[in-house]
Amino acid sequence: MSVQDRNTTSQYTMTSLSLQTAVNGGENECDWFKLASCEIQAHKGDRVKVHYRGKLTNGTVFDSNFERGDPIEFELGTGQVIKGWDQGLLGMCVGEKRNLKIPSKLGYGDQGSPPTIPGGATLIFDTELVSVNDKGSGGGDTNNNSEL
């Protein structure tokens with residue numbers, strides 16, 4: 001991992017990262033607001049709940065569960081979701097928000113996911129980790145902004 005930029009705010013540290021992967025030399029870029037303290041962190045094999053908004057690079061939203069209020073639940077790092085999520089959500093803290101830019105090789109590849117995601121598409125996901133192994137922050141809203 002290489003840290004490109006780091007700015008500190010009162011509650012969060014904004015960090016831009018490029019996560020180098022072994023998958024065909026791909027790269028998964030990730031921006032996030034990291035909490036000042038982290039009590040519960042996501043690791044491979046943990047059962048996580050995540051709110052997300054998925055967009056294409058032109059800004060078209062193809063899916064979002066923020067509005068539904070129903071986070072997706074899956075086991076992290078086990079292939080239940082796209083590789084970009086399995087890599088980009090590792091180490092995330094409950095309440096943390098990350099913006100993932102996922103190349104097609106770590107997303108849906110050349111086949112895409114018709115009709116909403118074309119083949120070869122780079123995907124942008126706004127994510128928020130809600131809980132790890134059914135343990136949430138319990139502290140309510142962790143961001144002063146209502147939008148990601």
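**Aromatic cluster and loop contacts in a predicted model**

Pro71 is located in the loop that connects S5 to strand S6 (72–75); helices (H or I, at least four residues) and strands (E, at least two) are DSSP runs, numbered from the N terminus. The structure is a predicted model, in which local features need pLDDT of at least 70 and side-chain atom pairs count only at pLDDT 80 or more, while totals for chains, interfaces and linings use all residues. Residues are numbered from 1 along each chain as its sequence is written, and side-chain values use heavy atoms, with hydrogens and water left out.

Pro71 has a relative accessibility of 21% and counts as partly exposed, where buried means under 20% relative accessible area, exposed over 50%, and partly exposed in between (1.4 Å probe, protein chains only). Beyond its neighbours within four places in sequence, Pro71 is in contact (heavy atoms within 4.5 Å) with Lys49, Val50, His51, Asn65 and Val130. The C-alpha atoms of Pro71 and Ser131 are 9.4 Å apart in space, although the two are 60 residues apart in sequence.

Strand S4 (residues 47–56) and S5 run antiparallel and are joined by three bridges; two strands pair if DSSP finds at least two bridges between them. Among these strand residues, Arg53 has Ser64 in S5 as its bridge partner. Four residues separate the strands in the hairpin of S4 and S5, where Gly59 takes a positive phi near 95°.

Since Trp85 lies in helix H1 (residues 83–88) and Phe125 in strand S8, the pair ties together parts that are 40 residues apart in sequence. Trp85 is buried, with a relative accessible area of 4%. One aromatic cluster is formed by Tyr52, Phe62, Phe74, Trp85 and Phe125.

Tyr108 lies in the loop between strand S7 (97–102) and S8 and is partly exposed, with a relative accessible area of 30%. Outside the four neighbouring places in sequence, Tyr108 is in contact with Ile82, Ser113, Ile117 and Leu123. Tyr108 and Gly119 are eleven residues apart in sequence, with a C-alpha to C-alpha distance of 7.2 Å.

Confidence was considered last. The protein has an average pLDDT (the predictor's confidence in each residue, from 0 to 100) of 78, and 68% of the residues score at least 70. Over residues 1–26 pLDDT stays under 50, and the model has 65 contacts beyond four places in sequence for them. Residues 139–148 also have pLDDT under 50, with 16 such contacts.

Key: Phe/Tyr/Trp six-rings, centres within 6.5 Å; stacked < 30°, edge-to-face > 60°.
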